[in-house]
Amino acid sequence: MSRFNVYVPDLLFFGDSYTSRPERSEQFQAQCVMRVMEAHGVTVMNVVGISYGGFVGYSLAAQFKERVEKLVLCCAGVCLEDKDMEEGMLQVKSVDEAVSILLPQTPQKMRELMKISFYKPRKGVPTCFLNDFIREMCSEHLQERKELIQALHKDRKLSNLPKITQPTLLIWGEHDQIFPLELGHRLERHLGDNAKLVMIKNAGHAINVEKPKVLLKHFKYFLIDTFRPMEPGNHSNGCKTD
């Protein structure tokens, strides 16, 4: 999108980002992202967050109301409640089970992750490829990432979720098995007239992989076609978290 200056920060314990501090909440992650954006001279931005990045993006919008103009959340179950797992809404029955799949350490667990992430998961992926993925993507900061997942679920209640006021686009895969579509409807109801939910057919949780062109079309309409007029030559700032 040539209209935007795009920033894609590594969240804490992803890529090369880390901290020695004990905080593991999405609120702390959001504060760190904002400090990074300030260091780059960015004061106002639009935010796009996918999955866990959506939790961080929502917190950015809640904490920094004057700094975030528009928000796009993709398959981000920010309105999840701790009771949802107990009541069977999710594919997993415990946080430990979720950790074992979301942070796979064996090819078998990697295949389970692919099965619940994609509407049509690719079959016959060689074990050596899966082992390479695990080594490159799921081996560093393993304990800290477990703590991030645990912090997301602990004592989570919709009544504690702040209502943001920025225009918000919610994009969800029709067959999302990690954060089911019902969570998208729940968040739309929670936000009221400020939010619009778009469902992408024949897609699971990994909509950025399965339906990138459809996703981009919705980004463009929401962030550009409905954007307020700007002075010639100006660029809006966009921050993507995932």
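Visitor: Is His-218 buried or exposed?

Guide: Buried means under 20% relative accessible area, exposed means over 50%, and partly exposed lies in between (1.4 Å probe, protein chains only). His-218 has 18% relative accessibility, so it counts as buried. The model is predicted: local features need pLDDT of at least 70, side-chain atom pairs count only at pLDDT 80 or more, and totals for chains, interfaces and linings use all residues. Residues are numbered from 1 along each chain as its sequence is written, and side-chain values use heavy atoms, with hydrogens and water left out.

Visitor: What does His-218 touch?

Guide: Contact means heavy atoms within 4.5 Å. Not counting residues up to four places away in sequence, His-218 touches Leu-169, Ile-171 and Val-198.

Visitor: Which residues of α10 are buried, and what do they pack against?

Guide: An α-helix has 3.6 residues a turn, so residues three or four places apart point the same way. In α10 the buried residues are Leu-215, His-218, Phe-219, Phe-222, Leu-223 and Ile-224. They pack against the strands β1, β2, β3, β4 and β5, and against α9.

Visitor: How many residues of α2 are buried?

Guide: Eleven of the twelve are buried, so α2 is largely enclosed by the rest of the structure. Among them are Tyr-52, Phe-55, Val-56 and Tyr-58. The end C-alpha atoms of α2 are 17 Å apart, which agrees with the 16 Å that its residues should span.

Visitor: Where is Gln-29, and what is it in contact with?

Guide: Gln-29 is in helix α1, residues 26-39. Its relative accessibility is 2%, so Gln-29 counts as buried. Leaving aside neighbours within four places in sequence, Gln-29 is in contact with Leu-11, Leu-12, Tyr-52, Val-56 and Leu-148.

Visitor: How much space lies in the largest pocket?

Guide: Rolling a probe the size of a water molecule over the atoms shows where empty space is left. On a 1 Å grid over the protein atoms alone, using a 1.4 Å probe, a pocket is an open set of points with protein on both sides within 12 Å along at least five of seven lines; lining residues have an atom within 4 Å of a point. Here the largest pocket holds about 1600 Å³ of space. Of its 49 lining residues, the closest to the centre are Phe-14, Ser-51, Leu-102, Leu-113 and His-205. Helices that each supply at least two lining residues include α2, α5 and α7.

Visitor: Which residues other than glycine have a positive phi?

Guide: Most residues other than glycine have a negative phi. Cys-75 has a positive phi of about 50°, and His-141 has one near 55°. Cys-75 lies in the loop between β3 and α3, and at 1% relative accessibility it counts as buried. His-141 lies in the loop between α6 and α7 and is partly exposed, with a relative accessible area of 25%.

Definitions and conventions:
Points joined across faces, edges and corners; volume = space filled by probe spheres on them. Helix = DSSP H or I, 4+ residues; strand = E, 2+ residues; numbered from the N terminus. Expected span 1.5 Å × (residues − 1).
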